[in-house]
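Reader: I'd like to go through this model with you, starting with one of its sheets and then moving on to the contacts. Could you take me through it?

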Amino acid sequence: MITHTEVDGIPALVAPTTGPMHAGLVFRVGLADEPLARRGITHLIEHLALFSFGVADYHYNGSTGVEHTFFHMQGAEADIVAFLNGVCAGLHDLPMHRLATEKEILRTEENGRGESAADALALWRHGARDHGMPGYPEWGLTGLTPDDLRAWTARYFNRRNAALWIAGPGVPAGLQLDLPEGTRRPAPTPSSALPVRPAYFAGGSNVVAWDAVVDRGPSTAVFADVLKRSLFRSLRQESGLSYHVHTEYHPRAGGRALLTAVADALPEKQGAVLGGFVDVLAAARLGQIDEAEVATVAGQHREELTRAEETGVRLPGQVFDLLDGRPVRNLDEVLAELDTVTRDSVAAVAAAACADGLLMTAGRSEADWAGYTAAPTGSERTVDGTAYPALGEPGIRLVAGETGVSLAGGDSVATVLFAECSAVLQWPDGARRFVGHDAVHVHVEPTLFPSGPALVAALDARTHPDLRVPMPARGPDRIPRPPAPKPAERPPSAAERMVTGAIRRIRGR
Amino acid sequence: MLPAMLPRQSNLDPAAAYPKITDLRAALDAGDWPACRELLDASEQAERTYLITAVSDEKGLEDFLRGVLRGDPGDGTAGALLGRHLTEAAWDIRTRVRAEHVSREQFVAFRAGLAEAERVLVDAAARSPHDPAVWTARLVTARGLRLGLPEIRRRYGRLAEIDPHHLPGQQQVLQSLCTKWYGDAALTYEFAKEAAAAAPAGAPNPVLLAEAYLEHSDEVTDLDRVRAELREAAMRSVWHPDFRRTHGWVRTMSTFAMAFSLLNDQEAASSLFRALGKLGSRWPWEYLGDPAATIEKFRARAGGDT
């Protein structure tokens, strides 16, 4: 039985648990709130707030998600009180002397993490804004100042933008959540970088993946597992093409949910994994869903929910709902809703999901043959402005105009409009990378253009200072040189590589 | 009288030996889909796929079959035939010449046509996952769309689960395994031998060995061994007492005849020409030029002066 209460002005949900006591303090802020030029700020604050706990001998953690950030602890009542009080104190007075070190720790953490399929899907679906942020590195770290962090904590880590859960007998004595006043910050509305769906892009890795955004609800959650079972049967059991197959259901603010499906592929089996994946999705789209399977999955969800209720595992999701302004529902209400799930309701979700789908192929495979439209990999037009041919590569032109910048070569154009720019990466040697809202970027190497430094200065003058992102210095070997006179057969020149890099919307560090 | 009916010229029309094709074409011409279904549903699985392939070049099928599918999206037979028809249309744009003689515009239109066919077949496979004609048609689109051998093998795996000896599908796999597409002679032979050995006695499937030889005849050096292998294949197939003169039998025998002719096994070739009488097949003779004239030339060389 859940009790709604309030602790120091912060809404709280308290529920008994059969397991050890645990509690969490959640803020309605995450990667989706970060401008690309400040990417990493929430994670940095989370780390700084936890710094005072060092390597304490108990189970605590912080987590920065797409729409929520939380601090969580499991243990004795006194330890939980010390932890949550300490987090609030840490947020109130971030240990700024740790700034440089925590930035380094985050860079190391990021380098070790690698890019996931879900991150790539987020970038291609949403572009270089809000829900596309998981696809980008924490580029903001280098330039973040103590003032930036204070402004961010004041805006998001306040008592009106927080909620608390406690799985245990009640609010522990001595709990004092000293957070400043503020306002609730609703999650941003997701942007779209996909003019047509279903769409696909070549992911370049040994993974086939897919996502879709649909209405949240038990039928959607059931469909996620029905899809996993179909993919597992088809790709692993029947044909042995994949080893890891999984799907996920992520509720979002605004009553929507993100569905993700991922299957790995041996390099020599990529085409077959894509073929099998496409067939499984087609069957789902056309409502080929087994009634008995829906019943089995719904039964599993019923058991999981009941068990989660006993151990307090439902609480974090309920607190997310609270922060998103959604009703907090008790177990009976949730189970009653689960009872309304039918084969037809799951088929309806499947049809909607497939219509919205974004497919990531393995390697460089295409999926147009399966009815998926290629997601844009470049821009439709070049800006009006002055064209500068690249040194030694007259076919490659940088066009600098009043409204934006383009790089064109062959059939490809990449354009970033200054009014639709998410960030401008700035290297000390003068290189610039303009990243557009649609995730198309234009990379400018001043050494490859006549009067390069003057050109870069002119472009800098047109970009908003808030978008500038200082990047660490590059070694001399990483700075391209203008090409020597070229023999007939040669590898791509630095200018050609610059174009390729600009046209393909891959994340670059 | 048609030139094909003149004495000493084989009749190359597959319907000559197998009137069901004529019946099916008549039903299609009349727009009588229930009659088409009745005829096809009563056929054996491989025969049904054979018939669907045989009539897929009929003109004006697209609108008719799309109408059928609008009425019953789950009609796998209509899906397979429409997919096959669109594939034929795409191949007509590409033409059957080697890739270096195909223009860029032709390739773009070819790919677009195949993608159109494949989309019909994706849906047909989703709704009728156990239809061998659909999976056979998808083996053709997979090859043209360059989806690669792993995907072709996956599709064949789905087909073989339904019918492990589905010759029309096996012939499509064999084409993909050839040097001219994604494989080589060794892969082609390996597949042909396995499929031939697995088929029941008297079945047409050992013809795959003749096809493997014809596709790679310029790479074969050990002629005696190949001849012996092919004679053994014929013993299990066209020379077996259980060999049936049903759908595709003319092409099967005609293919063996051409392989024996090229291997200079005149005795074997002659016996097959005699069995064929006035009947023949365009494929695979068209590899050597005008099929009717080529057949006559090799028939004369074999001494099969019937």
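Reader: In what order do the four strands of the open sheet in chain A come?
Author: This is a predicted model, and in it the strands of that open sheet in chain A follow the order β19-β18-β17-β20, with mixed pairing.

Reader: Which strands are at the edges, then?
Author: The edge strands of chain A are β19, covering 441-444, and β20, covering 468-470, each of which pairs on one side only. From one strand to the next, the twist averages 15°.

Reader: How many bridges join β18 to β19 in chain A, and do they run parallel or antiparallel?
Author: Strand β18 of chain A, residues 432-436, is joined to β19(A) by four bridges, and the two run antiparallel. Within that pairing, A:Phe434 has A:Val442 of β19(A) as its bridge partner.

Reader: Switching topic, what domains does chain A have?
Author: The assignment for chain A gives domain 1 as 3-167, domain 2 as 199-374 and domain 3 as 386-503.

Reader: How far apart are the C-alpha centres of domain 1 and domain 3 of chain A?
Author: Those centres lie 35 Å apart, and the contact between these domains takes eleven residues from domain 1 of chain A and 15 residues from domain 3 of chain A. On the domain 1 side, the residues comprise five nonpolar, five polar and one charged.

Technical notes
Residues are numbered from 1 along each chain as its sequence is written. Chains are lettered from A and ligands numbered from 1 in the order in which they are written. This is a predicted model: local features need pLDDT of at least 70, side-chain atom pairs count only at pLDDT 80 or more; totals for chains, interfaces and linings use all residues. Two strands pair if DSSP finds at least two bridges between them. Axes are lines fitted to C-alpha atoms, for helices over the stretch in contact, and angles run from 0 to 180 degrees between N-to-C directions. Domain bounds come from an automatic or database domain assignment. Two residues are in contact if their C-beta atoms, placed from the backbone, lie within 7 Å. Ala, Val, Leu, Ile, Met, Phe, Trp, Tyr, Cys and Pro count as nonpolar, Asp, Glu, Lys and Arg as charged, and the others, Gly among them, as polar.
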